[in-house]
Amino acid sequence: MPHVPPLAWQQIGRYLAASIPPCDYPALHAVSAFDSLLIIGNFLRQRSDITAAQYAEQAGRLADVLTDGQFGPRFAPVAPVAWRADEAGGSAQVTLREVATDTVVTAVFRMVGADMHVYGAYLDDASLPEPALVTARCLAELAHWEPHDQYPIWPVTGLALAFHRLHDVPDLPFEFLTESRFTCQGRGDCCQVSRWQVTTHANVLRPSLKIPWDALGETGPEFAVLTPDQQMTGNLDTFVFAPDSLGKCRALDGQACSVHKVLGWQPLSPCMQYPFIFTVTPDSVCVTASYNCHTVAENVGQPFSERTADLQQRLQPTRTRLGAIPDLVPLAPGGPSVTWAAYRLVEKRLLDILAETPLPLDKRLALGSRLMMAVLQISGDEAGRIDREQVAAAWTGPLPMWPEGSPTSADTLAQTICLSQAPDNANALLGGGRWEAWQAGQGRSLGAHLDEALLTRFLRTLLFRKIGLRQMGAAYLWGLIVWAHRVWHRDALYRAETDGLPPDHAVQLGTARRIELLHEHSERRHLLYVSDNAFGPLLTRPETWASLLIP
């Protein structure tokens, strides 16, 4: 393999030096290729669209409010390794040292033009691939940079993003439900973008459209504008994946994604993590998966515990961007807080109760509700905190009596999220929030049709995912579990009767997916999550739980 040309090595050195805080943005602009992408805060801009002065001014705004320690990682050149020339320039493989950790890594730089400008870089110690693949891998490291505004470390280059993805591994362990399984079966349902409106942002669109798909012999994704965004600011819901004539994502090649096939990983949001959902807690990363995926709903494949390498690859690009549940969580709005150790005790007991077959599921939910009622009666210490010992003590004596319920509280809850004149939407829960859909199941249950194993696994998943815990508290989350049990019956009965079908396993799978959609797309109308209406507070009340357990 030929040696790296001296000019290319010099340009790499300039590029690295300019990206070390305090960054020399004009120099970084000068050494970057004309059509390369630059990171400016949480957005990507094409270098040809911005002058050196504009780049320095815009990037400098972030530097003015951050310390040098909030930029990184930063690299120093070590040695050139290999070179592969081509008509447009060449690809250089070099070793670098990450300054803060003293980690030596092998990087690949894409160099273009006679002046050897830097187009991009990524980390890899394998043999240099063809130029088109080098270009694609450089762009991929930029495509996973999401336009959020809360990051502990801000990268200046795609090389820094690559280091975050591959080396900045958190020390929190993964945690799973023992029954959870998944191995992709290649159905491609998730890629039917005409059925699901899969939104993304400009930081995905810009690099994706630059990847030389033709030279790679593949078809890449295409995008359509969802909301006007002439400046391409990167708004999270600005673009959607555009379907082909069959309604599927254009990157779906048979049963495989061309993006993943070319790169060996998936940098595009939201495909990167799907179907997995990661919840960061003070002591672990809890992993669940979306029941919108048919394979997840059917629980087919490897146990999650055997997929840790894959899960780490999916999580790491966005690990620093995920909000974590704090050490103290609310018990209920306006009430005392629960220490994390105390909440862990509550969660484990509730998860165990949900799994206690052959006790009927409604009996398990009633027992769990009484345990939660006992916790709600704890006043907390002087600081308004409930610790683990207080929870354990509350459970040693007789549990509170189960309130005498009536359907009224459940109906009041349903009225906060249903409309009497809602248009019928067969793809949404309760026909899109129809009051008559809720009422259709009044006084009835699925009876012998109930797939109790499926519903139990689904409820345990929702509880383990900790939906709304940080915002609304433990009582809300338990109320959500009891509500999901009741709406499962109501929705399945309504849709089965509407379609003239028995409320069997297939119908109930559809209900699970409809409940999931409400939580995965929390901006949608008829929000069944933390919201400004009365749904959340009502769901924290034991009388509501009792009402929801009445058919």
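Reply: Begin with pairing: two strands count as paired if DSSP finds at least two bridges between them. In this predicted model, strand 13 and strand 14 (residues 285-289) meet that condition, with five bridges in the antiparallel sense. One of the bridges joins Thr 279 to its partner in strand 14, Cys 286.

Me: What is the strand order of the sheet 7-14-13 belongs to, and what is its pairing?

Reply: Strands of a sheet pair through backbone hydrogen bonds, either parallel or antiparallel. Here the open sheet has three strands in the order 7-14-13, and its pairing is mixed. Strand 7 (174-175) and strand 13 (276-280) are the edges; each has a single partner strand, so one side of each lacks a neighbour in the sheet.

Me: Which helices lie on the strands 7, 13 and 14?

Reply: Helix 10 (residues 308-315) packs on the sheet and touches strand 7, strand 13 and strand 14, with its direction at about 75° to that of strand 13. Helix 17 (residues 452-465) also lies across strand 7, strand 13 and strand 14, running at about 145° to strand 14.

Me: How many bridges join strand 3 and strand 4?

Reply: Strand 3 and strand 4 (residues 89-98) pair over 10 bridges in the antiparallel sense. Among the bridge partners are Ala 76 and, in strand 4, Arg 97.

Me: Now helix against helix. At what angle do helix 12 and helix 17 pack?

Reply: The angle is about 25°, and the axes are 11 Å apart. Angles under 35 degrees count as roughly parallel, so helix 12 is roughly parallel to helix 17. Leu 361, Arg 364 and Leu 365 of helix 12 meet Glu 452, Leu 455, Thr 456 and Leu 459 of helix 17. By class, the residues of this contact are four nonpolar, one polar and two charged.

Me: How do helix 12 and helix 19 cross?

Reply: The axes of helix 12 (residues 361-376) and helix 19 (residues 474-499) come within 11 Å and cross at roughly 165°. That makes helix 12 roughly antiparallel to helix 19. The crossing is left-handed. Residues in the contact include Leu 361, Leu 365 and Met 372 of helix 12, and Trp 478, Ile 481 and His 485 of helix 19. The contact has nine nonpolar, three polar and one charged residues.

Me: What does the protein look like as a whole, in helices, strands and radius of gyration?

Reply: The protein has 22 helices and 17 strands. Its radius of gyration is 26 Å, close to the 24 Å that the globule rule gives for 551 residues, so the protein is as compact as a globular protein of that length. The C-alpha trace spans about 80 × 60 × 40 Å along its principal axes.

Methods:
Residues numbered from 1 in each chain as written. Predicted model: local features only at pLDDT ≥ 70, side-chain atom pairs only at ≥ 80, totals over all residues. Heavy atoms only, no water. Axes fitted to C-alpha atoms, helices over the stretch in contact; angles between N-to-C directions. Helix = DSSP H or I, 4+ residues; strand = E, 2+ residues; numbered from the N terminus. Parallel < 35°, antiparallel > 145°, perpendicular 65-115°, else oblique. Left-handed = near helix turned anticlockwise from the far one by under 90°. Contact = heavy atoms within 4.5 Å. Nonpolar A, V, L, I, M, F, W, Y, C, P; charged D, E, K, R; others polar. Rg over C-alpha atoms; globule rule 2.2 N^0.38 Å.
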